Amino acid sequence: ATIDDQTASKPTFEYEVAPAGFTVARLVAYIETGSQPQRAYQGQEKPDAPKVRLAFELLGKAHMTEYTANGETKTRTNVIRVDLPLFTSDKSNYSKLFKSMRAGDETIKHMAQLLGKPFLIKVTHGKSKDGTKTYANIKEDGVWNVGPAIHTDVITNETTVLPVPEATVPLQMLLWGNPSQEQWGSIFIDGSYTRTVDGVEVVQSKNFLQEECLAASNFAGSALQAMLGGASDVIEAMSKPAPA
């Protein structure tokens, strides 16, 4: 009871689609999870591909929601996550996004260098095929709406650097080819939840990012496996949050 008072009212959140329009943001996650299955294309199976997960915390006022927990007022923000095959050819979605984020800065050679950096993002809405669900996107008509946090006046052509609040969530990073214990700890998610599968309640871990890495088809022999060591070390490593 001293650990978790189950009689206390706890806030519950309903999923709300991030409002459409322009907002300032920061890149808060760059996570390489190794080779993962790809969706079939036109009925043809595709080979596993290196995968990267990105997360942008939207920090405009429209994306901040206040709530009360244990008598304390807190703020939560909208976060947009993007999963992409990590292909660096000119025509790949990843390269197009990276180019938009670099905005001509030749000193940026790797997207992880942009972790924590500010951006200006345009959020658009799309519908599911059956029209019942609305999704927030940062890509429209094949173009990524992510760029530097600046505003250029269309009349005077003067450019203003936009103020961007600091990130409110911990930064996450994992480099598949050059991991560290600190990186591994940064993607750890504590806890579990219960969901119903075929009428049966199943307890599932929230630590899906580390589990996805361990399930990668190229985990065996990888730098991540070498860093984590044997099975007992992996289990211990999965139970630890990021170092303070």
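# Reading a predicted chain, feature by feature

Biologist: Start with one residue. Glu 166: buried or exposed?

Modeller: Glu 166 is exposed, at a relative accessible area of 60%. The cut-offs are these: buried is under 20% relative accessible area, exposed is over 50%, and partly exposed lies in between (1.4 Å probe, protein chains only). Before going on, note that this is a predicted model, in which local features need pLDDT of at least 70, side-chain atom pairs count only at pLDDT 80 or more, and totals for chains, interfaces and linings use all residues. Residues are numbered from 1 along each chain as its sequence is written, and side-chain values use heavy atoms, with hydrogens and water left out.

Biologist: What is the average pLDDT of the chain?

Modeller: pLDDT is the predictor's confidence in each residue, from 0 to 100. Here the chain averages 88, and 88% of the residues score at least 70. Residues 1-13 fall below 50. Beyond near neighbours in sequence, that stretch has 8 contacts in the model (contact: heavy atoms within 4.5 Å). Where pLDDT is low, the predicted coordinates should not be read in detail.

Biologist: How many helices and strands does the chain have?

Modeller: Both are DSSP runs, numbered from the N terminus: helices are H or I with at least four residues, strands are E with at least two. This chain has 5 helices and 14 strands. Of its 244 residues, 34% are buried. Take contacts between residues at least 6 apart in sequence: 61% of them join residues at least 24 apart.

Biologist: Back to Glu 166. Which residue does Glu 166 meet in a salt bridge?

Modeller: Side chains of opposite charge can pair when their charged atoms come close. The criterion is a side-chain nitrogen of Lys or Arg within 4 Å of a carboxyl oxygen of Asp or Glu. Glu 166 meets Arg 26, at 3.5 Å from N to O. Glu 166 sits in the loop between strand S11 (159-161) and strand S12 (172-174), and Arg 26 in strand S1 (residues 21-36), so the pair ties together parts that are 140 residues apart in sequence. Arg 26 is buried, with a relative accessible area of 8%.

Biologist: How many salt bridges are there in the whole structure?

Modeller: The search finds 6. In one of them, Asp 83 pairs with Arg 53, with the closest N and O atoms 2.9 Å apart. Asp 83 is in strand S4 (residues 72-85) and Arg 53 in strand S2 (residues 49-58), so this pair links parts 30 residues apart in sequence. Asp 83 is partly exposed, at 36%, whereas Arg 53 is buried, at 17%. Glu 106 and Arg 102 also form a salt bridge, at 3.3 Å between the closest N and O atoms. Glu 106 counts as exposed, at 53%, and Arg 102 as partly exposed, at 22%. Shared partners join Lys 51, Arg 53, Asp 83 and Glu 212 into one salt-bridge network.

Biologist: Now the nonpolar core. Which residues touch the most other members of the largest one?

Modeller: In soluble globular proteins, nonpolar side chains tend to be buried together. A nonpolar core is a set of buried Ala, Val, Leu, Ile, Met, Phe, Trp, Tyr and Cys residues joined through side-chain atoms within 4.5 Å. The largest has 28 residues, and Leu 27, Tyr 30, Leu 54, Phe 56, Met 101, Met 111 and Ile 121 touch the most other members. S1, S2, S4, helix H1 (93-102) and strand S5 (118-127) each supply at least two residues. A second, separate core has 14 residues, including Ala 29, Ile 31, Leu 209 and Leu 228.

Biologist: Which residues does Ile 121 touch?

Modeller: Leaving out residues up to four places away in sequence, they include Phe 22, Phe 56, Leu 58, Ile 138 and Val 146. Leu 120 is in strand S5. Its C-alpha is 5.6 Å from that of Pro 148, 28 residues apart in sequence. Thr 124, also in strand S5, counts as buried at 10%.

Biologist: And the surface. Which residues make the nonpolar surface patch?

Modeller: Patches use residues with over 30% relative accessible area and no salt bridge; like charges are joined within 9 Å, nonpolar side chains (Val, Leu, Ile, Met, Phe, Trp, Tyr) within 5 Å. Areas come from the Shrake-Rupley method with a 1.4 Å probe; for residues, only the protein chains shown count as cover. Val 197, Val 200 and Val 202 make a nonpolar patch of about 190 Å². Val 197 is in strand S13 (residues 192-197) and is partly exposed, at 31%. The chain exposes about 15500 Å², with 51% supplied by carbon and sulfur atoms.
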